[in-house]
Amino acid sequence: MPLARQVVRDLAAEHGACLRPVQLRRTEIDTGHVEQVLIPCGHTLASVCPSCAERARILRAAQCREGWHLDHEPVIDSDPATDEQRELITDRAEAQEARDLLASADLDVGELDERIGELDEEIAASGMRGSVLPARPRRHRSTRRRQDAAPLPRRPVSSRTVGKTYTTPDGKTFRPSLFITLTCPSYGRVGEDGAPADPDTYDYARAARDALHFAALFDRFIQNLRRYVGYDLQYFAAIEPQRRLAPHVHLALRGTISRAELRAVIAATYHQVWWPSTEVARYDGDRLPVWDEHTGSYLDPDTGEVLPTWDQALDAITGQDEPRHVARFGGRFDAQGVLAGSRDASRCIGYLTKYLTKHIGDCHQAVTGAQADHTGRLADALRHEPCSPTCANWLCYGIQPRNARPGLRPGACKGKAHRREYLGYAGRRVLVSRKWSGKTLADHRADRRTWLTSALGLPVTDPARYSWEPVKPGDPDHMPTGQRLLHVVADRIQWQTALELARRRAAEADLSATGRAA
Ligand SMILES: [Zn+2]
Ligand SMILES: [Zn+2]
């Protein structure tokens with residue numbers, strides 16, 4: 001016999017209802033009337049909530065479609081700051097002035113720095129973009145070392161974001177855009193199944209480092225491309241793994257450039273990682289640096305000597321040193337012109353959003369032993385690579401990670417990049433430039449909601465009329481999960497019937513209108 005609870009879940013998933021609805025108590029401020037409202041959890045992983053993940057994927061597809069072939073410059077107006085936001089900035093200004101005053105008198109600024117940190121968090125939480133000051137002062141030495149860029153013509157970047165229009169001899173105009181796929185270089189030959197032909201010579205260390213720095217490399221590519229084409233090129237990009245488990249990126253570009261130009265920019269693009277050397281592992285196994293409470297630093301377990309800090313290790317890199325890693329794209333890339341509204345455009349948007357509801361590590365399941373072995377070897381390489389300046393793995397190489405604290409263990413860093421489900425790439429899966437559609441994801445979501453309420457003929461409710469609070473498990477009106485699920489299934493079915501009816505009415509109205517016209 002089927003399990004009743006499982007049938008409820010299946011039915012919920014089938015009707016696109018959230019499997020983990022959140023219960024809120026909604027009070028109408030004027031009347032004091034209380035209602036229970038269930039809202040979707042909004043998770044983007046299908047393994048957690050298939051319905052919410054699919055809705056998030058569709059939203060991304062809509063965002064991608066709207067920005068790709070835009071023929072006018074998107075207008076981006078920031079909302080004016082609220083009183084609360086202005087007050088936060090005022091507090092921040094006063095804290096900064098007081099701190100700098102103390103600092104100039106060589107007094108302790110610890111307390112004010114803490115206050116400034118709190119204010120910066122509140123500023124971010126209040127819905128303001130960016131921060132009042134750059135996060136930390138730039139390191140001049142590392143920026144000077146960085147430049148040995150391959151020659152690429154550079155043009156000043158104008159603020160234009162829309163691509164060129166072309167006119168055919170018979171007067172038709174069209175505005176093509178591009179769909180591009182960029183991959184990592186080869187680490188060794190792989191078979192159809194993505195597993196290496198010879199696992200022992202496959203360059204796992206390089207594969208791991210390229211994955212860790214893939215986001216930075218992509219950034220550099222966009223910078224180079226913009227300088228090369230001379231306008232503020234816009235993109236919608238999705239990062240996902242190939243069969244061989246190396247990241248690759250699909251990107252929709254607004255406007256078009258030639259394959260030859262693209263090849264030149266890809267060849268000239270690289271990202272140098274100026275991190276300390278990891279040639280020699282100084283500590284491993286049971287012999288690891290020990291934390292010293294007194295100095296707040298890690299010491300050599302035998303000599304008690306304080307290990308160099310992250311900044312000291314960076315300063316020790318000289319002009320004669322090589323960067324620890326140079327990330328580049330592979331020579332093979334794919335580029336095709338795509339016209340607005342074409343079947344090709346839909347197919348490409350499908351590629352761009354295909355894997356967004358899955359973790360990178362879950363996109364391709366290992367079926368054969370060779371594939372499982374490949375996954376295992378890559379995960380192993382990633383476990384021991386330093387993932388960031390704060391990575392516990394630096395202790396292996398006798399360097400204290402940035403912001404060192406007690407309890408760090410090499411090989412057990414908590415950074416996401418080390419985990420199997422991330423395969424070295426812990427960054428955002430969708431990267432969208434700011435002037436893509438001129439809208440935020442929240443704007444796109446609001447568009448869908450407006451469409452829905454008008455299709456169903458629902459009254460527009462003013463959110464300012466209500467106050468909202470989460471319902472907690474101990475509350476008398478709290479609904480257990482099963483009950484919540486039953487409610488959302490019932491609501492969803494009712495709502496789908498209403499939508500279907502509205503659609504049919506609209507179609508009939510269309511038909512009779514055409515009938516009359518004829
Ligand atoms: Zn959900
Ligand atoms: Zn790490």
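Q: In which strand does proline 241 lie, and is proline 241 buried or exposed?
A: In this predicted model, proline 241 belongs to strand 6, which spans residues 235-241. Because its relative accessible area of 2% falls under the 20% limit for burial, the residue in strand 6 is classed as buried.

Q: How far apart in space are proline 241 and tyrosine 422, C-alpha to C-alpha?
A: Along the chain, proline 241 and tyrosine 422 are separated by 181 residues. In space, the C-alpha to C-alpha distance between proline 241 and tyrosine 422 is 9.6 Å.

Q: Where is leucine 423, and what is its relative accessibility?
A: Leucine 423 is placed in the loop between helix 11 (369-384) and strand 13 (430-432), and its phi is near 50°, a positive value in a residue other than glycine. Most residues other than glycine have a negative phi.

Q: Which loop holds aspartate 106, and is aspartate 106 buried or exposed?
A: Aspartate 106 is found in the loop between helix 3 (83-104) and helix 4, and it has a positive phi of about 60° although it is not a glycine. Since its relative accessible area of 72% is over the 50% limit, aspartate 106 is exposed.

Q: What kind of aromatic pair do phenylalanine 179 and tyrosine 351 form?
A: A search of the whole structure finds 15 aromatic pairs. Among them is the pair of phenylalanine 179 and tyrosine 351, with ring centres 6.1 Å apart and 25° between the planes. Because an angle under 30 degrees meets the criterion for stacking, the pair of phenylalanine 179 and tyrosine 351 is stacked.

Q: Why does the pair of phenylalanine 179 and tyrosine 351 tie together parts that are apart in sequence, and how many residues apart are they?
A: Phenylalanine 179 is buried at 3% relative accessibility, while tyrosine 351 is partly exposed with a relative accessible area of 37%. Phenylalanine 179 lies in strand 5 (residues 177-182) and tyrosine 351 in helix 10 (residues 343-353), so the pair ties together parts whose separation in sequence is 172 residues.

Q: What kind of aromatic pair do tryptophan 394 and tyrosine 397 form?
A: Tryptophan 394 is buried at 0% relative accessibility, and tyrosine 397 also counts as buried, at 16%. Their ring centres are 6.5 Å apart with 70° between the planes. Because that angle is over 60 degrees, the pair of tryptophan 394 and tyrosine 397 is edge-to-face.

Q: Which residue in the turn between strand 1 and strand 2 has a positive phi?
A: Strand 1 (residues 22-28) and strand 2 (residues 34-39) run antiparallel and are joined by 6 bridges, with glutamine 23 standing opposite leucine 38 in strand 2. The two strands form a hairpin with 5 residues between them. The turn residue with a positive phi, of about 75°, is glycine 32.

Q: What accessible area do Ile89, Val132 and Leu133 have together?
A: One of these residues, valine 132, is found in the loop between helix 4 (110-125) and helix 5 (140-146), and at 40% relative accessibility it counts as partly exposed. Together, Ile89, Val132 and Leu133 form a nonpolar patch on the surface, whose accessible area is about 220 Å².

Terms used
Residues are numbered from 1 along each chain as its sequence is written. Chains are lettered from A and ligands numbered from 1 in the order in which they are written. This is a predicted model: local features need pLDDT of at least 70, side-chain atom pairs count only at pLDDT 80 or more; totals for chains, interfaces and linings use all residues. Side-chain values use heavy atoms; hydrogens and water are left out. Rings of Phe, Tyr and Trp (its six-membered ring) pair if their centres lie within 6.5 Å; planes under 30 degrees apart count as stacked, over 60 as edge-to-face and the rest as tilted. Helices (H or I, at least four residues) and strands (E, at least two) are DSSP runs, numbered from the N terminus. Buried means under 20% relative accessible area, exposed over 50%, partly exposed in between (1.4 Å probe, protein chains only). Two strands pair if DSSP finds at least two bridges between them. Patches are made of residues with over 30% relative accessible area and no salt bridge: like charges are joined within 9 Å, nonpolar side chains (Val, Leu, Ile, Met, Phe, Trp, Tyr) within 5 Å. Accessible areas come from the Shrake-Rupley method with a 1.4 Å probe; for residues, only the protein chains shown count as cover. A salt bridge is a side-chain nitrogen of Lys or Arg within 4 Å of a carboxyl oxygen of Asp or Glu.
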